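Please look over the structure below.

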Amino acid sequence: MAKSGSMLNKVGNRRSFLKKGVLAAGAGAVSAGLLGNGPAAFGQEGGLTQGDIAILKFLAAAEIIETDLWRQYSELGGTQDSEVSGINGGSPLYMAALQLLDGDMPQYVHDNTDDEISHANFLNAYLVSKGQEPVNLDQFRTLPSSTATGALQIGRLTNLTQLSVDTSWWVRYRSKTNPDFGAQFPDAVPSLNVGQHTAIPRTDDDLGGNDPTNISDRLKAIAFTAGFHFAFIEQGGSSLYATLAQKVHSLEVLRILLSIGGSEIMHFQTWQDKAGNATPLTFTDPVLNTAVTFTDLRNN
């Protein structure tokens, strides 16, 4: 009972602080920043600070890396067009496997990829417009591509064929418990966080046949791994932009971070919903010799 009372006191104290401290601070910021001659509430007009430039370059690098991995997904599993996927035909079997999670998955993959390309290009163009060098990671594109039909044969920054995926985010967004009170969240798919797993077909051997109406367990495991990896990626953008937006000085840079950050949150919302549609399956990868088990998460 004492423990519960102590916890309630903490909650009460925090709420009191929020009411008194934050509202008072907010009122002060509004009066000084918006109604008077004090500093702006959320940023300042004018030139970029070195900190602003560093944040923009960090985010440009992050978006380039995201673009690299999403292009790999889109080449094989996304709706095909020249700008995003290179129109190499894609992999109809991989697309069909992703559609077990949602019928619109190829379009979602394509659009997510298109957004990341846009983010990286915009951030670099903005840096150039301010007299800064754009971020270029081309020297690090040394990893091989998948050789499955549909994949472009170019150097990569990221490897989607040897992943360990933390799936605790799926539980965190559905749990009744509160991390503020020390709640810990287990993995929704514990085996994905053990050993390595591939999220794209490595070769045509991973396709397990040529009938899109009869998807092999091997390809299902790959597609379901991708489904959980999609949101694992995008949760980073969701928190990163919100955190860094509080560190910038330029009002213009603040607008950029809040705009792109909103898009990243939309991405995460989409993927965290789709991953849980994976159907029950246990499969051992013959290449990596690692097993994965997906359970039915839709009814629990």
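The sections below take the pockets in turn and then the loop residue. The model is predicted.

## Largest pocket

The largest pocket has a volume of about 240 Å³. Its lining is made up of 15 residues. Nearest the centre lie Ile64, Thr67, Arg71, Ala120 and Arg141.

Two helices contribute to this lining: H2 (50-77) and H4 each give at least two residues. H4 spans 105-129. By class, the lining of the largest pocket holds six nonpolar, four polar and five charged residues.

## Second largest pocket

For the second largest pocket, the volume is about 150 Å³. Ala62, Glu63, Ile65, Glu66, Leu69, Ile233, Gly236, Gly237, Leu240 and Tyr241 line this pocket.

The class count for the second largest pocket is six nonpolar, two polar and two charged residues.

## Thr167 in its loop

Where is Thr167 found? Its place is the loop between helix H4 (105-129) and helix H5 (168-172).

Is Thr167 buried or exposed? Thr167 has a relative accessible area of 0%, so this residue is buried. The cut-off for buried is under 20%.

Leaving aside residues up to four places away in sequence, Thr167 touches Pro186, Asp187, Ala188, Val189, Leu192 and Phe228.

How values were computed
Residues are numbered from 1 along each chain as its sequence is written. This is a predicted model: local features need pLDDT of at least 70, side-chain atom pairs count only at pLDDT 80 or more; totals for chains, interfaces and linings use all residues. Side-chain values use heavy atoms; hydrogens and water are left out. Helices (H or I, at least four residues) and strands (E, at least two) are DSSP runs, numbered from the N terminus. Buried means under 20% relative accessible area, exposed over 50%, partly exposed in between (1.4 Å probe, protein chains only). Contact means heavy atoms within 4.5 Å. On a 1 Å grid over the protein atoms alone, a cavity is a set of points where a 1.4 Å probe fits but cannot get out, and a pocket is an open set with protein on both sides within 12 Å along at least five of seven lines; lining residues have an atom within 4 Å of a point. Grid points are joined across faces, edges and corners, and a volume is the space filled by probe spheres set on the points. Ala, Val, Leu, Ile, Met, Phe, Trp, Tyr, Cys and Pro count as nonpolar, Asp, Glu, Lys and Arg as charged, and the others, Gly among them, as polar.
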